[in-house]
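The sequence and structure come first.

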Amino acid sequence: MRNHKHYDKSSKLPVPLRQLLLISITLSFVVQFLIISYNYYSGFIPEFEFSNFINRLFYSTLLSSFLAIVILTVDLKFIVYMNIHFSWHNRAVSRILRQLIFVMLSAILLSSLLTLVSNAISPYHENIIDILISNALITSVINLLIMALLEAWVFFRESRLALAKTIELQKELTGIKFEVLKNQINPHFLFNSLNVLSGLVNRDIQKAQQFIEEFSFVYRYVLETIDKPVVTVNDEIKFVHSYIFLQQIRYGENLVFTMSIPAEILNKLLPPLSLQLLLENAIKHNKIDHNSPLKISIEAEDEYLCVKNNLQPKLSAGKSTGIGLSNLKKRYEMIADLKPEFGINDHEYLARIPLIESE
């Protein structure tokens, strides 16, 4: 099955802004302290004066913080873009080349801008060309290190978030499986089925035998598929035939069921027991008698399977909890982008569940 959940293409930064600001100021102070100290030590700045050192450090840190926040933001945006279009898994070489070019160009552009602004505020005594070249080289090396650190940081954060999300989804999926299984082993369904079987044994042995076989298939299918994320339409239809057979034995001609499924969609996928949930809801919430037969149909429509039934609500039926449909939506959220749709149209209840392409 191909992956139907796409990478989040949000433009939001993958790290909090407050952390970004703190890192920018700290990084700027450390880098400027080292650069200015080295310039005094190497003789690039001829005479050491403490007040001049502090003055240079303050203004350089201030301007560098602006540069750093720009570089960090731009680098993070670039990493997000790379994660979308140039994954480490299949385009690593292309990604590295693009990142090297990006690091060099952005560093040269930003350092040159900062140097010129700094020179306009307080003119350098040294040759401006030498300073531009020196700052461009230093900023390029620093930006390369920053990019590497950001890549590691983003990977670490996303790994932690992915692990937390996986654990959360696993707990949620376990709860959903429990609800689905609980609904299938419904005491009312078991009691009604056994009552129907008891009546059949006394009047139609052959049909009673068929009822036992279909009943056995229904529960075997539930146990075999409860841990599967998806099954084929073909398998789900076989189950539906057995389930409807059991219900029609109980309701007779008062339950009318039709199905029109083209052969070309039989290998498409959907969550197991999806159709059974919709059929059970229709039977549970609507009157079924000689004067008010319930008509249910399943049809293919574009990329959906549509389950329809005429509306004739039971007067004694309580308010629906909606747990079953909510769980079905959650199951789809875990495996596909398309969502199930439920609503009323022309005195009919209509449920549309998406079909998922197999590999």
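## A turn residue with positive phi

Asp302 is exposed, at a relative accessible area of 67%; exposed means over 50% relative accessible area, buried under 20%, and partly exposed in between, with a 1.4 Å probe and protein chains only. This is a predicted model, in which local features need pLDDT of at least 70 and side-chain atom pairs count only at pLDDT 80 or more, while totals for chains, interfaces and linings use all residues. Residues are numbered from 1 along each chain as its sequence is written, and side-chain values use heavy atoms, with hydrogens and water left out.

Asp302 sits in the loop between strand 4 and strand 5. Helices (H or I, at least four residues) and strands (E, at least two) are DSSP runs, numbered from the N terminus. The phi of Asp302 is positive, about 55°, although the residue is not a glycine. Most residues other than glycine have a negative phi.

## The chain as a whole

The protein chain has nine helices and seven strands. Of its 359 residues, 39% are buried. Among contacts between residues at least 6 apart in sequence, 73% join residues at least 24 apart; a contact means heavy atoms within 4.5 Å.

## Strand 5 and its partners

Which strands pair with strand 5 through six and seven bridges? Strand 4 (residues 294-301) pairs with strand 5 in the antiparallel sense over six bridges, and strand 7 (residues 348-354) is joined to strand 5 by seven bridges, also antiparallel. Two strands count as paired if DSSP finds at least two bridges between them. Strand 4 and strand 5 form a hairpin with two residues between them, and Asp302 is in the turn.

Axes are lines fitted to C-alpha atoms, for helices over the stretch in contact, and angles run from 0 to 180 degrees between N-to-C directions.

## Helix 6 against helix 7

Helix 6 (residues 205-225) and helix 7 (residues 233-251) pack at an angle of about 135°, with their axes 9 Å apart. That makes helix 6 oblique to helix 7; angles under 35 degrees count as roughly parallel, over 145 as roughly antiparallel, 65 to 115 as roughly perpendicular, and the rest as oblique. The crossing of the two helices is left-handed, meaning that the near helix is turned anticlockwise from the far one by less than a right angle, clockwise being right-handed.

Residues of helix 6 making the contact include Phe211, Phe215, Val218 and Tyr221, and those of helix 7 include Phe239, Tyr243, Leu246 and Ile249. By class, the contact of helix 6 with helix 7 has 11 nonpolar, two polar and five charged residues. Ala, Val, Leu, Ile, Met, Phe, Trp, Tyr, Cys and Pro count as nonpolar, Asp, Glu, Lys and Arg as charged, and the others, Gly among them, as polar.

## Thr225 and Leu273

Leaving aside neighbours within four places in sequence, Thr225 is in contact with Val231, Pro272 and Leu273.

Leu273 lies in the loop between strand 3 (269-270) and helix 8 (274-285). At 2% relative accessibility, Leu273 counts as buried. The phi of Leu273 is positive, near 70°, in a residue other than glycine.

## Asn291

Asn291 is found in the loop between helix 8 and strand 4 and counts as exposed, at 70% relative accessibility. The C-alpha atoms of Asn291 and Asn254 are separated by 8.3 Å, with the two residues 37 apart along the chain.
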